[in-house]
Protein chains: 2
Amino acid sequence: MAKNLLYAQSGGPTVVINASAAGVIAQAQQSLKFEKILAAHYGMDGILAEDFFDCSSMTNKQIDLLSKTPAAAFGSCRYHLPEQENAGDVYQKIADIFQRHNVGCFVYNGGNDSMDTCHKISKYFKQHNVDCVVVGVPKTVDNDLVETSHCPGYGSAAKYIATTMQEIALDIDVYKSGRITICEIMGRDAGWLTASTCLANLSGNGPDLIYLPEHPFDTEEFFRRAVEIFHQKKKCLVAVSEGIRDKDGNYVGASTARDSFNHAQLGGVGAFLANQITQRFGIKTRAVELSLPQRCAGHLASLADHDDAFLAGRSAVNLALLGKSGQMVALERKGDSTTCRGVDVGLVANKVKDFPKHVITDDGAGIKEEFLHYLLPLIQGEVQQTYKNGMPLYFDASVLPKV
Amino acid sequence: MAKNLLYAQSGGPTVVINASAAGVIAQAQQSLKFEKILAAHYGMDGILAEDFFDCSSMTNKQIDLLSKTPAAAFGSCRYHLPEQENAGDVYQKIADIFQRHNVGCFVYNGGNDSMDTCHKISKYFKQHNVDCVVVGVPKTVDNDLVETSHCPGYGSAAKYIATTMQEIALDIDVYKSGRITICEIMGRDAGWLTASTCLANLSGNGPDLIYLPEHPFDTEEFFRRAVEIFHQKKKCLVAVSEGIRDKDGNYVGASTARDSFNHAQLGGVGAFLANQITQRFGIKTRAVELSLPQRCAGHLASLADHDDAFLAGRSAVNLALLGKSGQMVALERKGDSTTCRGVDVGLVANKVKDFPKHVITDDGAGIKEEFLHYLLPLIQGEVQQTYKNGMPLYFDASVLPKV
């Protein structure tokens, strides 16, 4: 009897993670190699609870709608798999569940924490002769995975951020005399998302200053520049990464809270800097956090990003069919086309790809034009949504049968 | 010799104010009744500085691009015209400038403060036999002008807000156990924008609780409801207007700052409530301000709103040609079509149209379905933008000659 394929989502939402899910399901259906196609409800949590959607009979229309739906339609998790020696019987439990549900192929879709999980599970399965291929599909708005030229999720977030920055620039430009407006962008310790705001300058409506975590942030120098621009133009637009740090490596204006992976909880640096400017220089300011829409604005998805995500999902199934356990799908975009290859998922696990420092301007407050050669192909085209009641129509996984 | 038409923008940006500008320019061109079509650079400030764009020779392509551009392409102002007795020679100065530039028709596009300006100027012109017709075009995302069934700008803001709320609902739904997420919506003392979030519930992905300024906000009762929903669903999504007040009429969590019209500076109530919940109940929260994109997200403009704004601009020119000075264009939408009529601008000046209390649910935490009959026609259809470099292409008024 043919085995089942199990797909699971992990980590924070992106606009196109479901396009990867759609790619996995479409390719698995077409391959005719699997008995059932399952999707875990809430990622690893769903696996451990044996809570699965049955996607085997999804129609092409459903798969298409899924592919255009933002966030994580099957539910995600922030599950951290400990090392084997500290994990009790978790690894064996996973193996047992997979065996019980006849899972011969596991496709895990997530960021670098999730690739660590992929790596550990595939290693355990090999060591213990568990007959299940484990393949990773990259996903993150932060674009901070190594070995792949870019990550599905980044292009759509970049397109939303650049477009929104352009629109905010038009907004703050309406008055002769305005404010210093500071927009805080996601991305943790990687400046890829914040760097995408430089796109807006192509239309002449972009940020005056752009600050990334990869360059030490000098608060006094920032105040000097922002105030100078404000006095010159009567307004100033700043893009700042949530993860900027001072020369000693401390987050600027961040709280000390930590998440379940012991990552610092970021957010608030824009408001912190804006308040400081108002207090010290008496200049009107506004802080804008682009916030959650950066990673879920399905109404402005990049078609190139969507297509890459779908392709990555299909490629994962192909890698699995070739028996390439312990690999992640890596992407290479050249102009209009993307190719995929398998890379050792252990090379990706827990690593962070920094933004290339050489494309940051020498003053640390801008991005060189050469970065656009990298970025522009990733944000081309718009996913055409179907609208119902004036809003995009999205897929709801609860219509699927449970196993 | 034919006289000139002067158009000016005022108040905060909207997504479709430039569609009204485009309607004015297109209709003025077609009428062949005007020597020149001028647009003030920065509204009343531009008038007093005699700083005008010449729109007489704008091409159809330029007018079309202008109509799809958010914010205020000619620049806006927050100019407050005092009563005649306190205004020194300002009224006479405006009359002199209009005479010097041969302005026989003045179209002013703004909210209730701007309609007050329209009213005062038209009254002065009549009293002093200044040969210039003054017509107002409504504009505000807040939808709070009286005499018109709805305001251009509201539909697009509502469409963006409802869509974004739906996407945020999908985002916060990805984890089995989430947070209490509080989204703060614009609208000052009127709950129209916040009410539009109820649309998202049509897809099953909307806020659990919706709070408008028109219903006294009971903080303790809110905490009780939000915490109860959180314990039930492991997540809770709240939409709250920036202008909610307690039973004594005090803004909840607002600062005491005032703007140039002596309006309270709002913003921050979402973060205030989120912090309180975390401190008192130890529940993870997130505050999201939808912020500036609510009024400038041209990438998600409502086609119905755009068309209404354009029509309002055209109708203003028609009213002017009929000599109807001191009138504002009022809209009436019935199903797919909108009609326009002139109303006395004095009836609109400085008044605020409250959200109808009878469509707020009895507990003050939701919107009744009957509101959708009003809202749905206003958000239908999507303005198709032209994309360049992966971003919408917008009009730049600096290409126009100055007078």
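Colleague: Which residue of β9(A) is the bridge partner of A:Ile182?

Modeller: First, this is a predicted model: local features need pLDDT of at least 70, side-chain atom pairs count only at pLDDT 80 or more, and totals for chains, interfaces and linings use all residues. Residues are numbered from 1 along each chain as its sequence is written, while chains are lettered from A and ligands numbered from 1 in the order in which they are written. Strands (E, at least two residues) and helices (H or I, at least four) are DSSP runs, numbered from the N terminus. In β9(A), A:Ile182 has as its bridge partner A:Ala287.

Colleague: How many bridges join β6(A) to β9(A)?

Modeller: Two strands pair if DSSP finds at least two bridges between them. β6 (residues 180–185) of chain A and β9(A) run parallel. The number of bridges joining them is 5.

Colleague: How are α1(B) and α11(B) oriented to each other?

Modeller: α1 (residues 17–31) and α11 (residues 303–321) of chain B pack with axes 7 Å apart, at an angle of about 40 degrees. Angles under 35 degrees count as roughly parallel, over 145 as roughly antiparallel, 65 to 115 as roughly perpendicular and the rest as oblique. α1(B) and α11(B) are therefore oblique.

Colleague: What is the handedness of the crossing of α1(B) and α11(B)?

Modeller: A crossing is left-handed if the near helix is turned anticlockwise from the far one by less than a right angle, and right-handed if clockwise. For α1(B) passing α11(B), the crossing is right-handed.

Colleague: Which residues of α3(B) make the contact with α1(B)?

Modeller: The axes of α1(B) and α3 (residues 60–67) of chain B come within 7 Å and cross at roughly 155 degrees. The two helices are therefore roughly antiparallel. Residues are in contact if their C-beta atoms, placed from the backbone, lie within 7 Å. α1(B) gives B:Asn18, B:Ala19, B:Ala21, B:Ala22, B:Ile25 and B:Ala26, and α3(B) gives B:Ile63, B:Leu66 and B:Ser67.

Colleague: Which element gives the most to the side of chain B that touches chain A?

Modeller: 51 residues of chain B contact 51 residues of chain A. Elements giving two or more residues to the chain B side include β9 (285–289) and α10 (293–296) of chain B. The most, 9 residues, come from α6(B).

Colleague: What kind of axis relates the two copies?

Modeller: Copies are superposed by least squares on the C-alpha atoms of residues with pLDDT of at least 70 in both. A rotation of 180 degrees, with 0.0 Å of shift along its axis, superposes chain B on chain A with RMSD 0.0 Å. The copies are thus related as by a two-fold rotation axis.

Conventions
Axes fitted to C-alpha atoms, helices over the stretch in contact; angles between N-to-C directions. Contact = placed C-beta atoms within 7 Å.
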